[in-house]
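Hello,

Here is the structure I said I would pass on. My notes on it follow below.

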Amino acid sequence: MKPALKLSACAFAVAAIATAPVYAQTQPESTDQASGSDQGNYDDNVIVVTAQGRAQVLSDVPIAVSAIGAEQLQQSGTSDIRELNQLAPSLLVSSTGNEANGSARIRGIGTVGDNPGLESSVAVFVDGVYRSRSGNALSELGPIERIEVLRGPQGTLGGRNSSAGMISITTAAPEFRFSGHASATYGNYDQIRLEGGINGPLSDTIAARIDGVYLKRDGFYNDVVNGTDVNNKDRYLVRGQLLFEPNDGLTVRVIGDYSKKDESCCAATFVQPEFAQQARVSAGLDPFTLPSPGAPALTDASNPIIPVLLALGQNSNALNQSTFNRDIYVTPGRSYAGETEDFGASIEVNAELGALNLTSITGYREYSNFQASDTDYTQIDILYREPNKNAGAREFKTFTQELRLQGSAFDDKLDWLIGGFYANEKLETRDNLRFGSQYGAFAPCRIVNAVNPALASPTSTGCLSAGGRAALQAANGGAGAFGAATPLIFAGLDNLAQINDKGTVLDVYNQKSENFAFFTHNIFHVTDNLDLTLGLRYTNETKDFNAAFSNDNTMCPIQRSLFTPLLSGPLAGLAGGLIGLSCQGNSTAELDGVTLSDSRSESEFTGTAILSYKPTDDLLIYGSYSRGYKAGGFNLDRSALTSSTLGNPALTGDTANLQFDQETVDAFEIGAKYTSREFSLSVAAFRQQFDNFQLNTFNGSVFLVQNINACSTDLNGADTDADGTTGNCSADDVKYGVVAQGVELEASIDPVRHVNVTMGLTYTDTSYENDLVGRDDGTALDPALRLLPGDNLSNAPELTATASLSYTPPIGNSGLTGLFYVNVRTTSDYNTGSDLLYGKEQDGFTLVNARLGVRGPDDRWAIEGWVQNLFDVDYSQVAFNTPFVASQQTYSAFLAEPRTYGITLRGQF
């Protein structure tokens, strides 16, 4: 970590404590009410949350939760969950090769990668309805009442289980008064955003509301080759609602929404040392060896794969320009076009049944997405997805039902809650990933480079010129460089050269998941100031899986037949390379017409125990234990059918290889909250231990999904070497493999009228244990993950600090008010690659957003200028292995957004 950043973060912490600040981030003028019958029962200055399945004042809730109200969400420009990063220091939301794969992390823990078979570590709920994956919420949300970010495992309430935390979004509900709102925004990159809505009573007992958002913006990348832009936005949302309140004891809220995106996403650029100092050529071209300072860049010609790219037509600018030069060089005719549809409906019923309160939330949602891609991110046509409905597509159809019954007993000494949850989720993924039209020219050069880079001739068949073939044949006194097998090796290279525009015709995976749970959550008021909370949940999860493959890569079985006999001799490495590149990712006609099926079932008990004490009305202290759970499942990727491409997956493939186990976590926390009218401060210290941590990593060729555990006995470095056959552990000695521990502070102060300041600081050591293994049976860690033991997880900075300042003074006696708002987020260094390879590091950085405006009387109108990323800070979301581009593996990066700015006009009545 850089000394300046350490000093900055420490100063932030001191400032937060010295100003004695609030746990919840809110404005004193705003009212954040719970839904249903609890509305209107609290003062305007009090934030009410439903983190424990009940409407409670935030300062009385003995768990770590941030609540962000409507006014601060508007001031910060938050329109989807990614923008919450500026407001909640323990949260990090990012997206990679497809926005549908967006990931949320809390305390450094989140689901990694692009595989929809993995569920979200951070569950997202919108109006109480579960969104199947956190990336599904990376869209416009419309008017929002509040957002709650619950930190730590949610293993009792909250509908679906989650192992890291939960984001609960409550949208603005209908009201029994006629009102409307509208806003228009114009910004750089030709951004146009329109939002509007109307609300009113249809009768004395029914109110209705409809809101809509439209957003269009040019992309941040310039596709030089195809003359277009990428990472644009073109989306809209429509949401309609009905609120039925026939009496004080019954509330029924019906919501229906539809949203669509028609956008091109997501491009990437090569990582250069000016951004990541270790993105350099290592000794022996070994990416697991720390490169020497000043060594050539990975995109330098000293990396033998780079001359191959240049010879096949790669524009050198892509290899030499800055990481943050957003000119990209895509294969001619290839596209990142995609489409997303998301729609659904829900019914929430809150009923008072005498002394009991019943809540029912019924939801049905459909979500579909496809995204074409130039999947190698180079100008050479190595790998691609054609832009149609099968391009990396996923479709979710999800039905959920939650019931909660709440009451009190023993003269209100016991506040009890029981409930049940059911989810039926149907997931279909489809893919059309194919080798490109230049794969046959590129792939043989990987083999020739391994023999002697000086012989590589990318424009010659098999990457060998006539002179090169003659030299190899004449070696060893005319016996040939590979002895009697020399002609066979030549034939293998020539065969590999024929794999052009081959591969997947259509792969289809279907997974049906049924989840049911029963839970209870009870608060015992031991005394007026001492509470004991006990919660328990039983969850049962069943997943049925089937897959069907269609593939036209007929060269793979030919190569396998030719070179399998050599795998037991001195040419095993060469033979394995020829088979591997011919059958990469199990892309083989041997799977054509093959179907597979399997199922898995699991059950788990989770829960919580909390002891909380209020020595004064303003102070709460608590200690807690909780156990969380995330379901296991299937890796929806044919490459995982076998541990090696050397075997025919139709014969040796096993669906057991696709399975990964459920993830569990034991969490311990102590905390305190102090709240008064002028300021609030909360502190929490935590430790979370994860068993069977689910990790998804792209190794440059395929995605690896592996559970991570540790061995309580010393493996003597066997988990850090390149040998996948060593490093096993006795099942009796297996323990948790990941630990997240640290301290969080959140604070707010209203020092004078019209001024609000919020601050947050998170120190988190989220790291892998030493002596790592894979599954809990003690199997060895995959060698591709050998840099993990003892290091921090990816995208898990140790220090993160946030702050915001809001100043809304009256302008004389005009009835007008001003607005000055600024928020800041600063983080320490971290590695963005899930395999933690050198060269994927992200230095610490600071982001500043600001908004300046004037509002009319009673906020009837406003005009605001705004800027996001004020100082145009360059940083990446994720660095990853550029697919197939290796002698030494090069890296590409999905860049974060540059500075954007604009003006917004808004009005309401």
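Two strands are said to pair if DSSP finds at least two bridges between them. The model is predicted, and the notes below should be read with that in mind.

Strand β9 and its partners

Strand β9 (residues 144-151) is mostly covered, with eight of its eight residues buried. An antiparallel pairing over five bridges links β9 to strand β3 (residues 65-69); there, L150 in β9 is the bridge partner of V65. β9 also pairs with strand β10 (residues 165-171), again in the antiparallel sense, over seven bridges. In that pairing V149 stands opposite I167 of β10.

In soluble globular proteins, nonpolar side chains tend to be buried together. The largest nonpolar core here has 68 residues, and I81, L84, L91, I167, I169, F693 and Y768 are those with the most contacts inside it. Strand β48 (residues 891-895) gives the most to this core, with four residues. Another core, of 42 residues, lies apart from it and includes V308, I447, L472 and L566.

What does I169 touch, leaving out residues up to four places away in sequence? Its contacts are I81, V124, F125, V126, D127, L141, I144, R146 and I147.

Regards

Conventions
Residues are numbered from 1 along each chain as its sequence is written. This is a predicted model: local features need pLDDT of at least 70, side-chain atom pairs count only at pLDDT 80 or more; totals for chains, interfaces and linings use all residues. Side-chain values use heavy atoms; hydrogens and water are left out. A nonpolar core is a set of buried Ala, Val, Leu, Ile, Met, Phe, Trp, Tyr and Cys residues joined through side-chain atoms within 4.5 Å. Buried means under 20% relative accessible area, exposed over 50%, partly exposed in between (1.4 Å probe, protein chains only). Helices (H or I, at least four residues) and strands (E, at least two) are DSSP runs, numbered from the N terminus. Contact means heavy atoms within 4.5 Å.
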